[in-house]
Number of protein chains: 2
Amino acid sequence: MAKELLVIKIGGTEGVNFDFLCLEIAEMVTQRSKIIVVHGGSKEANVLGEKVGHPAKFITSPEGFTSRYTDSETMEIFSMAVKGKVNTSIVTKLQKFGVNAFGLSGIDGQFMIAVRKKAIQSVENGKRKIIRDDFSGKIENVNVSILNWLLEMNIVPVIAPLAVSTEGEGLNVDADRVAAMVARAMHADGLMLFTAVKGLYRDFPNEKTWIPKLKQNELPNALQYAQGRMKKKILSAQEALAGGVRRVAIADGRGDRPIANAFAGQATWIGVE
Amino acid sequence: MAKELLVIKIGGTEGVNFDFLCLEIAEMVTQRSKIIVVHGGSKEANVLGEKVGHPAKFITSPEGFTSRYTDSETMEIFSMAVKGKVNTSIVTKLQKFGVNAFGLSGIDGQFMIAVRKKAIQSVENGKRKIIRDDFSGKIENVNVSILNWLLEMNIVPVIAPLAVSTEGEGLNVDADRVAAMVARAMHADGLMLFTAVKGLYRDFPNEKTWIPKLKQNELPNALQYAQGRMKKKILSAQEALAGGVRRVAIADGRGDRPIANAFAGQATWIGVE
């Protein structure tokens, strides 16, 4: 029987426990799964930005989506923190837990091409403004050949959320949506997005409104009540399911055995049927 | 006819012009050569160290070799600057000049294994001391499969000087010696080390003592009069030639058309015969 292929996104938010996640990924790869890891790095990018005197700024779109304002200096900081530090750290952790791993970003071999957002609408203190010097983008194409080669060699690909634009510029891309696009392109069996909450809430942070299961056709509605960065996770779930991935989890990456717990129901599972 | 394979090391020293080197590498790859790039990043690591309040320190061995003192915080800074920034910058430059390129370090896929220097002798103000918390090492093994795959796909591998220890730790390794070990392992036709001087001098910086040609058996003697970081380049040339690489250049990476100029004789060429 072919091994199942999972794409697992490790959030870069405060609270997500990389050690527990890497330990379980290593166990699963040894036993029964092929896994591709995608990670964020927002916390580390913020820390480095503070240290070098160029603190992070965030943009809120008129639709309520939040993203990092990435001028060229921020792009360098982002690349140093996310590719240089976080990616290397995940790769060495997996290796210490006994599986081989390989770090790459979408710039490497141009394997993820994104379209740069040349004019971004931002809402600041109720006023709209247009930002034109932003180096962020939206993934348009994933070339799977390097990922297939690594998986065939029993090496876990660890993907940092950077891509290359059609004009050859390095871009910051949203890691949740990278994970969704990679899961689609690789025809993955499942996509799991680990973050520092238990999943989706109808009315965050009211514990009683936590949602264990959601159908694909409920996602447009969920996009309305999801708050902050959770909106992008819902969008990513939509993109993955629309592209043939059968199930998506938004799960808690803070504790021990996060993957087993998610499979045991401690996550918001979103599926086709 | 098989294309010649060159390993080209781009020094990370002040003065080396990455644009000119990348432009010429892209032209050569389009025309007649397979090229593997290895780079340093000392200047950028120093700049980042200053910015984050952990400035670089250097160790001088009793034999006169200089190396970066790499405690665990320096290792993180080194990885951010060298892998996150310099490597990404070279990869995108090559892509802008029309060839595909892929950034990796020896940690990725564990393709370069190094032995950690667990106790380093250092001479400070005439006194010897032993340093035990240093994360640097010496390459022992290069697994060429990823490099071969990339070259077959017409992608230029761009290697950052990090390796993984036999205990799974990330290590800072000397980029000149990485270039030599990669050239050996890949049976390269030539190795070119670009830096911010014209080559080797009998009595640096006296222009009249510049050496255009050197035989392999003259290297032990050159190791005596070479100064500072030039010693490691001589050692790298020795390692490459001993491993079957036919010729090594120590060349000037500061000006226009650095590779053509080196082939035209503006470099110290070291050969077997």
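**View 1. Ile113(A) stands opposite Asn141(A) in β9(A).** Strand β6 (residues 112–116) of chain A and strand β9 (residues 136–142) of chain A run antiparallel and are joined by five bridges. Strands are DSSP runs (E, at least two residues), numbered from the N terminus, as are helices (H or I, at least four residues). Two strands count as paired if DSSP finds at least two bridges between them. The model is predicted: local features need pLDDT of at least 70 and side-chain atom pairs count only at pLDDT 80 or more, while totals for chains, interfaces and linings use all residues. Residues are numbered from 1 along each chain as its sequence is written, and chains are lettered from A and ligands numbered from 1 in the order in which they are written.

**View 2. β9(A) pairs with strand β12 (residues 170–173) of chain A in the parallel sense.** Two bridges make up this pairing. Ser136(A) has Asn172(A) in β12(A) as its bridge partner.

**View 3. Chain B meets chain A through 26 residues on each chain.** Contact here means C-beta atoms, placed from the backbone, within 7 Å. On the side of chain B that touches chain A, α3 (72–96) and β5 (100–105) of chain B are the elements giving two or more residues. The largest share of that side, 12 residues, comes from α3(B).

**View 4. Chain B superposes on chain A by a rotation of 180° with 0.0 Å of shift along its axis.** The RMSD is 0.0 Å, by least squares on the C-alpha atoms of residues with pLDDT of at least 70 in both copies. This is the relation of a two-fold axis. The copies meet through the same surface, because 100% of the interface residues of chain B are also interface residues in chain A.

Methods
Contact = placed C-beta atoms within 7 Å.
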